[in-house]
Amino acid sequence: MPELAQAPLEAQKQQIAAARYIKRFTRSQRWLHAVLFTTFLGLAATGLPLRFSQSIWARGLASFVGGLGAILFVHKFCAIVLTGAFLIHVKDIFTRSFVHHEKGIFWGNTSMVANWKDVKDLMAHMRYFVGLGPKPQFERYAYWEKFDYRAVFWGMLVIGFSGYAMWFAPFFAHLLPGWALNAALVIHSEEGLLAILFIFSIHFVNTHLRPGSFPMDMVIFTGVEQEDELRHKRPLEFARMLRDRKLEARLGEKPQAWQLNFARVIGFTAIAIGLLLLMLTLTAYFG
């Protein structure tokens, strides 16, 4: 009897071991994402004490790290690193599109730019949530991922420019009227606060708390996804790779145990920091 009970378990282990993994993200893309979320957490953790400097917790944090000057230094350092990562990404986009003539960068099935299908997927998903229709079929990127991607671009342009305008105010004072620098202070503060609230609520639900992704979608760390999981999550992408006979060329190696464990630690840490900063933000803002 024990042998019979263990037979299905052994078969399941063999099936998992024999599963194929499909490459979805390159090493450079994963590193850029790591820099992105690390610097964003740093900007959020240092920007909030500057925004709510009169709060009890902000004064306590400033006293612990050596004052608001130290917090501002870390804030600027994270801003420089994030700007560098953003410029590398933009260079990669234009190189792939205009130098290597790669199709689908700005439009198509593999693009991060939203199109009419994403609007239809959003409406279909709303109907699916209330039981009025089937689940929509997603391609390489879903509509919420494209929305997050566009939010990053908006934040880099608006929050980034306003932040540098305040940082190098004497230089920008020669280019902009006085009221523009005052507006930059307001824009940087409010847009930064909006980004923090969005990331630690909507984005966290999509990427950390969604069923099947808790505590974090492992593919952004390992770069590969199990074939059956890809077929389930991205049926249109899987069907396209089969149709174009590119599935075999995208095969990757099975993630090692330390990679998955490390990703789980990062995921739980990000959730803890994000929820803590969200709670402190709401407490300071409404208090």
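**Entry 1. Loop residues with positive phi**

The model is a predicted one: local features need pLDDT of at least 70, side-chain atom pairs count only at pLDDT 80 or more, and totals for chains, interfaces and linings use all residues. Residues are numbered from 1 along each chain as its sequence is written, and side-chain values use heavy atoms, with hydrogens and water left out.

I read a phi near 55° for His-101, a positive value in a residue other than glycine. With a relative accessible area of 60%, His-101 is exposed; buried means under 20% relative accessible area, exposed over 50%, and partly exposed in between (1.4 Å probe, protein chains only).

I then turned to Arg-245, in the loop between helix H11 (235-243) and strand E3 (251-252). Arg-245 is not a glycine, yet has a positive phi of about 55°. Arg-245 counts as exposed, at 77% relative accessibility.

**Entry 2. Arg-250**

I found Arg-250 in the loop between H11 and E3 as well. Arg-250 has a relative accessible area of 23% and is partly exposed. Its contacts, leaving aside neighbours within four places in sequence, are Tyr-21, Ile-22, Lys-23, Arg-24, Arg-140, Glu-237 and Met-241; contact means heavy atoms within 4.5 Å. From C-alpha to C-alpha, Arg-250 and Val-224 are 9.2 Å apart in space and 26 residues apart in sequence.

**Entry 3. The chain as a whole**

I noted twelve helices and three strands in the secondary structure of the chain. The C-alpha trace spans about 75 × 50 × 40 Å along its principal axes. Of the 287 residues in the chain, 35% are buried. Among contacts with a separation of 6 or more, 70% join residues 24 or more positions apart.

**Entry 4. Helix H4**

I checked the length of H4: its 32 residues reach 45 Å from first C-alpha to last, close to the 46 Å expected at 1.5 Å a residue. The expected span of a helix is 1.5 Å times one less than its number of residues.

Which residues of H4 are buried? I listed Ile-71, His-75, Cys-78, Leu-82, Thr-83, Ala-85, Phe-86, Ile-93 and Ser-97. These buried residues pack against H2, H3, H6 and H8. Ala-85 itself is buried with a relative accessible area of 11%. Leaving aside neighbours within four places in sequence, Ala-85 is in contact with Leu-32 and Val-35.

**Entry 5. Helix H12**

I compared spans here too: the 30 residues of H12 should span 44 Å at 1.5 Å a residue, and the end C-alpha atoms are 43 Å apart, which agrees. Buried residues of H12 include Ala-263, Ile-266, Gly-267, Ala-270 and Ile-271, and also Gly-274, Leu-277 and Leu-278. Their cover includes H2, helix H3 (56-65), H8 and helix H9 (219-222).

**Entry 6. Nonpolar cores**

I found 14 residues in the largest nonpolar core, with Leu-48 and Phe-200 having the most contacts inside it. A nonpolar core is a set of buried Ala, Val, Leu, Ile, Met, Phe, Trp, Tyr and Cys residues joined through side-chain atoms within 4.5 Å. Helix H2 (27-51), helix H8 (178-209) and helix H12 (257-286) each give two or more residues to this core, and H8 gives the largest share, six residues.

Not counting residues up to four places away in sequence, Phe-200 touches Phe-40, Leu-41, Ala-44, Gly-274, Leu-277 and Leu-278. A second, separate core has eleven residues, among them Met-112, Tyr-141, Val-219 and Ala-270.

**Entry 7. The second largest pocket**

How many residues line the second largest pocket? I counted 30, and the closest to its centre are His-125, Phe-138, Tyr-143, Trp-144 and Asn-206. H6 supplies the largest share of this lining, seven residues. On a 1 Å grid over the protein atoms alone, a pocket is an open set of points where a 1.4 Å probe fits, with protein on both sides within 12 Å along at least five of seven lines; lining residues have an atom within 4 Å of a point.

Terms used
Helices (H or I, at least four residues) and strands (E, at least two) are DSSP runs, numbered from the N terminus.
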